[in-house]
Amino acid sequence: MGTSVTAAMPNAAPSILVFDENRARASIIEDGLREAGHSHVTIIHHLNDVARTIETIAPDVIVIDLENPQRDTLEHFFALSRAIQRPMAMFVDHSDGAMIEKAVEAGVSAYVVDGLRKERVKPILDMALSRFKAMSSLTRELEQARSELEDRKIIEQAKGVLMRTRGLAESDAHALLRSTAMNQNRRMVDIAQSLVTAASLLGP
């Protein structure tokens, strides 16, 4: 079938999916993982099984080994990395600067050229997990900052509506938005958005 699954121990973490068309090289990775104490490991050998297996078992980490990587295959895994939002470690025997850059842009957590050895599997997996965690944290912070900026823009627009239509000073417009939000037990930005939307429907 081309797929072998090692049964998971209770509360085993993380679950790891390994793709390697070369069974001997896959054994190197599996041995490294087992010696590092990982027991929940799924090994697959066919590219067509990757997406289906990810959907079925939802692994925590994905390890890809490409002995002789073709550009199309690398691009496939780069696209997968962008889509699945999980730590991915890739071992390749050779690469070039463009592919390394694409790997970074795709969010591949560890991209290792000519470095597949059993003793390196654990530290590289640890690095992939750590880097993914750090990048995820940065992404969340960036998204939060963008959301807060958008909220401030909406509140400023709503204050402008009140200042224009009610003749209020900026501080009074802000106070009115805040008190209305408190009275209605809603977020101030939600009150502001409703006001901005209503003003746009009513026109100048």
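**Loops, cores and ring pairs in a predicted model**

Me: Is Q85 buried or exposed?
Reply: Q85 is exposed, because its relative accessible area is 54%, and the cut-off for exposed is over 50%. Keep in mind that this is a predicted model.

Me: Where is Q85 found?
Reply: Q85 sits in the loop that runs between helix 3 and strand 5.

Me: What is phi of Q85?
Reply: Phi of Q85 is near 55°, which is a positive value in a residue other than glycine. A58 also has a positive phi without being glycine, with a value near 45°.

Me: OK, and where does A58 lie?
Reply: A58 lies in the loop between helix 2 and strand 4. With a relative accessible area of 38%, A58 counts as partly exposed.

Me: Now the inside. Which residues touch the most other members of the largest nonpolar core?
Reply: F78, M90 and Y111 do, out of the 21 residues in that core.

Me: Which elements give two or more residues to it?
Reply: Strand 2 (16-20), strand 4 (61-66) and strand 5 (88-92) do, along with helix 2 (50-57), helix 3 (71-84) and helix 4 (97-105).

Me: And where does the largest share come from?
Reply: Helix 3 supplies the largest share of this core, with five residues.

Me: What does F78 touch?
Reply: Leaving out residues up to four places away in sequence, F78 touches M90, M99, K102, A103, A106, V108 and Y111. There is also another core apart from the largest one, with 18 residues, including V18, L33, I43 and L125.

Me: Switching to rings. How many aromatic pairs does the structure hold?
Reply: Two. One of them is F19 with F77: the ring centres are 5.4 Å apart and the planes meet at 40°, so this pair is tilted.

Me: What about F78 and Y111?
Reply: F78 and Y111 form a tilted aromatic pair, with 6.3 Å from centre to centre and 55° between the planes. This pair also links distant parts of the chain, with F78 in helix 3 and Y111 in strand 6 (residues 110-113), 33 residues apart.

Me: Is Y111 buried or exposed?
Reply: Y111 counts as buried, at 17% relative accessibility, because the cut-off for buried is under 20%. F78 is buried as well, with a relative accessible area of 0%.

Me: Back to strand 2. How many bridges join strand 2 to strand 3?
Reply: Four, and the two strands run parallel. In this pairing, F19 stands opposite I44 in strand 3.

Me: Which way do the residues of strand 3 point?
Reply: In strand 3 (residues 41-44), V41 and I43 point one way, while T42 and I44 point the other way, and all are buried. In a regular strand, side chains alternate between the two faces of the sheet.

Me: What do strand 2, helix 1 and strand 3 make?
Reply: Together with helix 1 (residues 23-35), strand 2 and strand 3 make a β-α-β unit, and it is right-handed.

Note on methods
Residues are numbered from 1 along each chain as its sequence is written. This is a predicted model: local features need pLDDT of at least 70, side-chain atom pairs count only at pLDDT 80 or more; totals for chains, interfaces and linings use all residues. Side-chain values use heavy atoms; hydrogens and water are left out. A nonpolar core is a set of buried Ala, Val, Leu, Ile, Met, Phe, Trp, Tyr and Cys residues joined through side-chain atoms within 4.5 Å. Buried means under 20% relative accessible area, exposed over 50%, partly exposed in between (1.4 Å probe, protein chains only). Contact means heavy atoms within 4.5 Å. Rings of Phe, Tyr and Trp (its six-membered ring) pair if their centres lie within 6.5 Å; planes under 30 degrees apart count as stacked, over 60 as edge-to-face and the rest as tilted. Two strands pair if DSSP finds at least two bridges between them. A crossover is right-handed if, with the strands pointing away from the viewer, the path from the first strand over the helix to the second runs clockwise.
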